[in-house]
Amino acid sequence: MFPRLFARSMSTLSRVQTAKAPAAIGPYAQAIKVNGMVYTSGSLPVNPASGDVVEGGIQAQTEQSLANMKEVLLASGSSLNDVVKTTVFLKDMNEFAQMNEIYAKYFAEHQPARSCVQVARLPKDVSVEVECVAVTKD
């Protein structure tokens, strides 16, 4: 038991925050860095400057969600090329192909593992939310 406690005390949790992505809408961080990894919270399709959900359907919302996630990764010392796994939450699985078209543009060079699930409802009634786990360079 002692080695496990000792190992935990050696790790440091670090909060990631950037104004280039929407602020958290609750008591959580945009991302947390620990032990060479970064864990992002779900990225919503919200314009960070206005705080408004982007209009234009699933493709515009996927574009904004991934752009926001990219900014959080950059603020953490990581990048899209360092992503290990993503999770995509869709309001309607019938929009999978349209979401996937935009997703493929962001992950053209490097294709991480991914899960995609349909959910009953997302914050702010958006159509998509994306989160990821990535390695960091720091």
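A residue is called buried when its relative accessible area is under 20% and exposed when that area is over 50%, with partly exposed in between. The legends below use these words for a predicted model.

**Figure 1. Serine 43, a buried loop residue.** Serine 43 sits in the loop that connects β3 (37-40) with α2. Its relative accessible area is 7%, which is under 20%, so serine 43 counts as buried. Apart from neighbours within four places in sequence, serine 43 is in contact with Ser65, Asn68 and Met69, and also with Val128, Glu129 and Val130.

Figure 2. Six strands make up an open sheet, and their order across it is β1-β2-β3-β6-β4-β5. The pairing in this sheet is mixed. β1 (14-16) and β5 (113-118) are the edge strands, each pairing on one side only. From one strand to the next, the twist averages 15°.

**Figure 3. The pairing of β3 with β6.** The strands β3 and β6 run antiparallel and are joined by 3 bridges. Where in β6 is the bridge partner of valine 38? The partner of valine 38 is alanine 134.

**Figure 4. Two helices lying across the sheet strands.** The helix α2 lies across β1, β2 (31-34), β3, β4 and β6. Relative to β6, α2 runs at about 25°. The helix α3 lies across β4, β5 and β6. Relative to β5, α3 runs at about 150°.

**Figure 5. The largest nonpolar core.** This core has 22 residues. Those that touch the most other members are Leu66, Met69, Leu73, Val88, Met99, Phe107 and Val128. At least two residues of the core come from each of α2 (57-76), β4 (83-90), α3 (96-106) and β6 (128-135). Which of these elements gives the most to the core? It is α2, with 5 residues.

**Figure 6. The surroundings of leucine 73.** Leucine 73 is one of the core residues that touch the most other members. Not counting residues up to four places away in sequence, leucine 73 touches Val38, Thr40, Ser78, Ser79, Leu80, Val83, Cys132 and Ala134. Two of these, Val38 and Ala134, are also bridge partners.

**Figure 7. Lysine 124 and aspartate 125, two residues with a positive phi.** Most residues other than glycine have a negative phi. Lysine 124 is not a glycine, yet it has a positive phi of about 60°. Aspartate 125 is likewise not a glycine, and its phi is positive at about 55°. Lysine 124 is found in the loop between β5 and β6, and aspartate 125 lies in the loop between β5 and β6 as well. Are these residues buried, partly exposed or exposed? Lysine 124 is partly exposed because its relative accessibility, 43%, falls between the limits of 20% and 50%. Aspartate 125 has a relative accessible area of 42%, so it is partly exposed too.

Figure 8. How many disulfides does a search of the whole structure find? The search finds 0. For cysteine 116, the nearest cysteine sulfur is that of cysteine 132, 15 Å away. Cysteine 132, at 3%, is buried.

Methods. Residues are numbered from 1 along each chain as its sequence is written. This is a predicted model: local features need pLDDT of at least 70, side-chain atom pairs count only at pLDDT 80 or more; totals for chains, interfaces and linings use all residues. Side-chain values use heavy atoms; hydrogens and water are left out. A nonpolar core is a set of buried Ala, Val, Leu, Ile, Met, Phe, Trp, Tyr and Cys residues joined through side-chain atoms within 4.5 Å. Buried means under 20% relative accessible area, exposed over 50%, partly exposed in between (1.4 Å probe, protein chains only). Helices (H or I, at least four residues) and strands (E, at least two) are DSSP runs, numbered from the N terminus. Contact means heavy atoms within 4.5 Å. Two strands pair if DSSP finds at least two bridges between them. Axes are lines fitted to C-alpha atoms, for helices over the stretch in contact, and angles run from 0 to 180 degrees between N-to-C directions. A disulfide is a pair of cysteine sulfur atoms within 2.5 Å.
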